[in-house]
Amino acid sequence: MPYPLHIGAALDGVEDPFDLASYAGAARLAEEAALDFVALDDSLTGADRPDALLTLAAVAPLTGRIGLVPTVTTTHTEPFHVAKAVASLDHASLGRAGWRVEVSRTEADARAVGRRGTAPDAALWAEAEAVADVASRLWDSWQDDAEIRDTATGRFVDRERLHYVDFEGPGWSVRGPSITPRPPQGHPLVVVRADGEPSLRAAATTADVVLVAPATLGGARASRARVREAVAEAGRDPERVSVLADVNVFLDPDRPGPSRALSGLTHTGSPGALAETLLEWGRVVDGFTVRPSSAAADLPVFAERVLPLLRASGAFRGEYAEDTLRARFGLPRPANRYAPA
């Protein structure tokens, strides 16, 4: 049984998507509840929301323990810049960063950037896999002791402890090294949503956390089994990869349920019934990404009335024990591939 559960909260239901205080308040509430992380979706050229990574970077100094997982699009973006930005978030949060790897499929995004056209899903996810790979290499391009900060000699870095990555990707290349020191976690947590075979293949080779959206308990069991099988086929240990199911939450009795079909489990009703459902599903998945309909209305009810029931059953923590997001998921800090043994 995968207890204790990992639980994160999506912040996409804030009332004003351009108000930093809304995100900070929701993140602090999630932190007080000892949730694993907060997540924020993004799109490459979406005008209806701010940049997810920059928003959570602004939230970082306003929080202290909660993990921060923005969605980062790897299509039409420079891998070097992606790696630098995610590393910067990890530095700003002192080791609490993750990133959800995503691709862009739309003609609108392709036209807005103008670098190339759209591509099939298989090609987009193969590129995303390569971006995740080169990002980890760029993070390793600084050894942990590369910074010397010697004011007497004016030397900031030991060049002998910087490394070229010389990586060839699909249509791009990265020489390195990074311009950002190695992140506090070594490699910030990699999250991938497996909603098809191409994304599942990328998740199997790169992800620390895999998101799924089954609508039934049987579907949840099958989704986790499929992810674990794919991870094993990729030569990785399935026990080191967590599978989290989406849960759309409508707990405010004064708010209507969903106006359209949502992917994943959707709960409209009492906090007690939701706790029972999560306990049942928690026997077949490693945890959940809770997606409140309203961060202001549903997230407090979840924190105050659902989580205590999970804690009473031994399914969720009462306080944080680890300082970094990787450690919270039971993952060690990776060794630097370029450092001498």
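1. Helix α3 covers residues 79-92, and at 1.5 Å a residue its 14 residues should span 20 Å; the end C-alpha atoms are 20 Å apart, which agrees. The expected span is 1.5 Å times one less than the number of residues. Helices (H or I, at least four residues) and strands (E, at least two) are DSSP runs, numbered from the N terminus.

2. This is a predicted model, in which local features need pLDDT of at least 70 and side-chain atom pairs pLDDT 80 or more, while totals for chains, interfaces and linings use all residues. Residues are numbered from 1 along each chain as its sequence is written, and side-chain values use heavy atoms, without hydrogens and water.

3. The buried residues of α3 are P79, V82, A83, V86, A87, L89 and D90 (buried: under 20% relative accessible area, 1.4 Å probe, protein chains only). Seen down the axis of α3, they fall within an arc of 155 degrees, so they line one face of the helix. The arc is that of the directions from the helix axis to the C-beta atoms.

4. The cover over these buried residues includes α2 (52-59), β3 (67-73), β4 (98-102), α5 (121-140) and β8 (172-174) (contact: heavy atoms within 4.5 Å). Just after α3, L94 has a positive phi of about 60 degrees.

5. The largest cavity holds about 80 Å³ of space. A cavity is a set of points on a 1 Å grid over the protein atoms alone where a 1.4 Å probe fits but cannot get out; lining residues have an atom within 4 Å of a point. Its volume is the space filled by probe spheres set on the points, which are joined across faces, edges and corners.

6. Residues lining the largest cavity include F37, D41, R100 and L211. Strand β2 gives the largest share, three residues.

Terms used: Buried means under 20% relative accessible area, exposed over 50%, partly exposed in between (1.4 Å probe, protein chains only). On a 1 Å grid over the protein atoms alone, a cavity is a set of points where a 1.4 Å probe fits but cannot get out, and a pocket is an open set with protein on both sides within 12 Å along at least five of seven lines; lining residues have an atom within 4 Å of a point.
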